Amino acid sequence: MFVRSLREVEETERFVDWGNGTSHRLLTNDDGMGFTVCHTVVRANTQALLQYRNHLEACYCIQGEGEVEDMDGNVFPIRVGDIYVLDKHDRHYLRGGKDKDLILVSVFNPPLKGTERHDLNNRSGSEY
């Protein structure tokens, strides 16, 4: 058994500024659990086009608000207590709230290495 804090992660390469926010990679592949858990912050008034080609992801909102938009133009508001699930490697827009950061617990399967970085300058979307 082990315990790991956000503060501990901030002192390692598992703390990632992904361009529109931050990600504390609390569990990664090296931990041997078979999945990743992240504390993810999406800054207010930001938008990113993302896709996880190698991972499935579920995100549970613990604070703030934002929205997710699929490639068919369906917009889903995300608020505290909501979960969104990318069960088909879905390409999507992720947006922070208009005045509030969106704070999520994100779970990835298979697990991340923990050092992956988004490329928000890629016009077709960031992917890994």
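Modeller: Two strands pair if DSSP finds at least two bridges between them, and strands (E, at least two residues) are DSSP runs numbered from the N terminus. This is a predicted model, in which local features need pLDDT of at least 70, side-chain atom pairs count only at pLDDT 80 or more, and totals for chains, interfaces and linings use all residues. Residues are numbered from 1 along each chain as its sequence is written, and side-chain values use heavy atoms, with hydrogens and water left out.

Biologist: What makes strand E1 (residues 15–17) a partner of E2?

Modeller: Three bridges join these antiparallel strands, and the rule asks for at least two. Phenylalanine 15, for instance, has histidine 24 in E2 as its bridge partner. E1 and E2 form a hairpin with three residues between them, and glycine 19 in the turn has a positive phi of about 110°.

Biologist: How do you know that E2 pairs with strand E3 (residues 36–42)?

Modeller: Six bridges join E2 to E3, and the two run antiparallel. Glycine 21 has valine 42 in E3 as its bridge partner.

Biologist: Why is strand E2 (residues 21–27) called largely enclosed?

Modeller: Buried means under 20% relative accessible area, exposed over 50% and partly exposed in between (1.4 Å probe, protein chains only). Six of the seven residues of E2 are buried, so the strand is largely enclosed by the rest of the structure.

Biologist: How many aromatic pairs are counted?

Modeller: Rings of Phe, Tyr and Trp (its six-membered ring) pair if their centres lie within 6.5 Å; planes under 30 degrees apart count as stacked, over 60 as edge-to-face and the rest as tilted. The count comes to one aromatic pair.

Biologist: Why is the pair of tyrosine 52 and phenylalanine 108 called edge-to-face?

Modeller: The ring centres of tyrosine 52 and phenylalanine 108 are 5.1 Å apart and the planes lie at 75°, so the pair is edge-to-face. The pair links distant parts of the chain, 56 residues apart: tyrosine 52 is in the loop between strand E4 (47–51) and strand E5 (56–70), and phenylalanine 108 is in strand E9 (residues 102–109).

Biologist: Are tyrosine 52 and phenylalanine 108 buried or exposed, and how do you know?

Modeller: Tyrosine 52 has a relative accessible area of 6% and is therefore buried. Phenylalanine 108 has a relative accessible area of 3%, so phenylalanine 108 is buried.

Key:
Helices (H or I, at least four residues) and strands (E, at least two) are DSSP runs, numbered from the N terminus.
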